[in-house]
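Here is a brisk report on one protein chain. Keep the sequence and the 3D view open while you read.

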Amino acid sequence: MPKFKKILFLSQGTSDTRESLGQSIRLAWSNKASLTGLLVCPRLPDDMRNYEVQYEQWLLETLQTSIEESLGEHNMTEEDMTFPIKLLAADKPAVQAIKYVLDKQIDLVVKDAEGYQSKTRGLRAVDMNLLRKCPCPVWLNRPSEKPRIKQRVAVAVNPNATTDEERILSIRLLQLARSIADSCDSRLHVVSCWEYQLEHYLKDHVWIRVSEQELEQQIEHAKQQHIEALQSLIHESTIEGDIVLHHLHGTADEEIPNCVDENEIDVLVMGTLARTGIPGVVIGNTAENILQSVGCSLVALKPESFHSPIEE
């Protein structure tokens with residue numbers, strides 16, 4: 001199972017961070033990882049610089065109080081787990097956060113999803129920038145009303161990898177999701193979508209007279225190939241435990257959000273791998289549509305070969 005060594009709790013200082021702090025603390029404890037906090041905030045305008053010291057001190061003290069309370073809820077003190085924090089005032093908070101990740105070689109970022117208080121779906125600018133450009137996995141947390149041991153975890157994978165890079169990413173996704181599910185309700189929901197590419201071209205086409213029986217055979221063959229590839233991928237990942245398969249007929253950007261809603265998923269693990277060939281772009285249209293359509297927490301991984309455009 002994947003292990004994290006350096007975890008970063010990222011805050012913008014504008015929301016109640018208790019659940020995300022708790023998630024960071026539990027992950028750091030279970031991984032025996034170091035945990036640091038980074039508070040990124042906008043700079044004050046020049047005509048308000050007299051308030052800069054008080055402004056930054058208030059933000060730091062508020063976060064420090066939240067950290068102490070969260071540690072207390074886990075029966076810990078800062079002697080049990082050191083949790084240093086740093087503040088960066090910047091016009092582009094996502095860029096500064098990613099530079100910090102690169103400099104400190106962080107291997108997991110945990111952050112509240114922006115705007116979760118309004119219970120809206122989709123992600124805002126800072127979060128999308130992190131998902132596009134941050135080199136390490138990003139956990140965007142949305143609070144759940146369920147206790148942690150009853151929260152549900154799902155992972156979205158495509159078993160029909162066309163490259164080794166894609167297959168390795170799918171295996172990492174399964175392994176990470178399994179480790180997260182073990183700390184939740186123990187069941188791992190594996191979601192994968194399949195289509196027969198010619199189905200919509202051949203069905204009821206007046207010029208191409210394919211019998212309904214022959215078309216159904218072709219569709220069933222595509223379905224069987226996909227489920228066999230999915231089972232092979234799960235076997236290769238070596239994950240065990242309670243696994244629930246959701247083998248869905250349709251497009252991923254339509255079926256995955258529906259599956260998340262219908263099964264009351266609390267955490268969705270997915271990859272952000274595009275096939276656009278555009279440097280620095282790692283979220284394809286399908287992945288971006290899914291990210292903007294779900295209302296649960298998201299854990300996003302990139303290929304190991306990814307290089308952030310921030311470091312270029």
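## A strand covered on both sides

Strand E9 has buried residues on both faces: Val267, Val269 and Gly271 on one, Leu268 and Met270 on the other. Buried means under 20% relative accessible area, exposed over 50%, and partly exposed in between, using a 1.4 Å probe and protein chains only. Helices (H or I, at least four residues) and strands (E, at least two) are DSSP runs, numbered from the N terminus.

This is a predicted model: local features need pLDDT of at least 70, side-chain atom pairs count only at pLDDT 80 or more, and totals for chains, interfaces and linings use all residues. Residues are numbered from 1 along each chain as its sequence is written, and side-chain values use heavy atoms, with hydrogens and water left out.

## Neighbours of E9

E9 pairs with strand E6 (residues 153-156) in the parallel sense, over 3 bridges. Two strands pair if DSSP finds at least two bridges between them. Val155 has Val269 of E9 as its bridge partner.

E9 also runs parallel to E10, joined by 5 bridges. Here Leu268 is bridged to Leu298. Leu298 sits in strand E10, residues 297-301. Leu298 and Leu268 are 30 residues apart in sequence, yet their C-alpha atoms are 5.0 Å apart in space. Is Leu298 buried or exposed? Leu298 is buried, because its relative accessible area is 1%.

The chain holds 9 helices and 10 strands. An open sheet of 10 strands runs in the order E3-E2-E1-E4-E5-E10-E9-E6-E7-E8, with mixed pairing. Its edge strands are E3 (85-89) and E8 (243-249), each pairing on one side only. From one strand to the next, the twist averages 20°.

Elsewhere in the sheet, strand E1 (residues 6-11) pairs with strand E4 (residues 108-112). That pairing is parallel and has 4 bridges. Phe9 has Val110 of E4 as its bridge partner.

## Helices

Helix H8 (residues 252-262) lies across E6, E7 (188-194), E8 and E9. H8 runs at about 155° to E7. Axes are lines fitted to C-alpha atoms, for helices over the stretch in contact, and angles run from 0 to 180 degrees between N-to-C directions.

Helix H3 (residues 93-104) and helix H4 (residues 125-133) have axes that come within 9 Å and cross at roughly 35°. Which residues make the contact? Pro93, Ala94, Ala97 and Ile98 of H3 meet Val126, Asn129, Leu130 and Lys133 of H4. Contact means heavy atoms within 4.5 Å. By type, these residues are 6 nonpolar, 1 polar and 1 charged. Ala, Val, Leu, Ile, Met, Phe, Trp, Tyr, Cys and Pro count as nonpolar, Asp, Glu, Lys and Arg as charged, and the others, Gly among them, as polar.

## Cysteines and overall burial

How many disulfides does a search of the whole structure find? The count is 0. A disulfide is a pair of cysteine sulfur atoms within 2.5 Å. Cys41 is buried, with a relative accessible area of 2%. Cys184 is buried too, at 11%.

Of the chain's 312 residues, 47% count as buried. Among contacts with a separation of 6 or more, 79% come from residues 24 or more positions apart.
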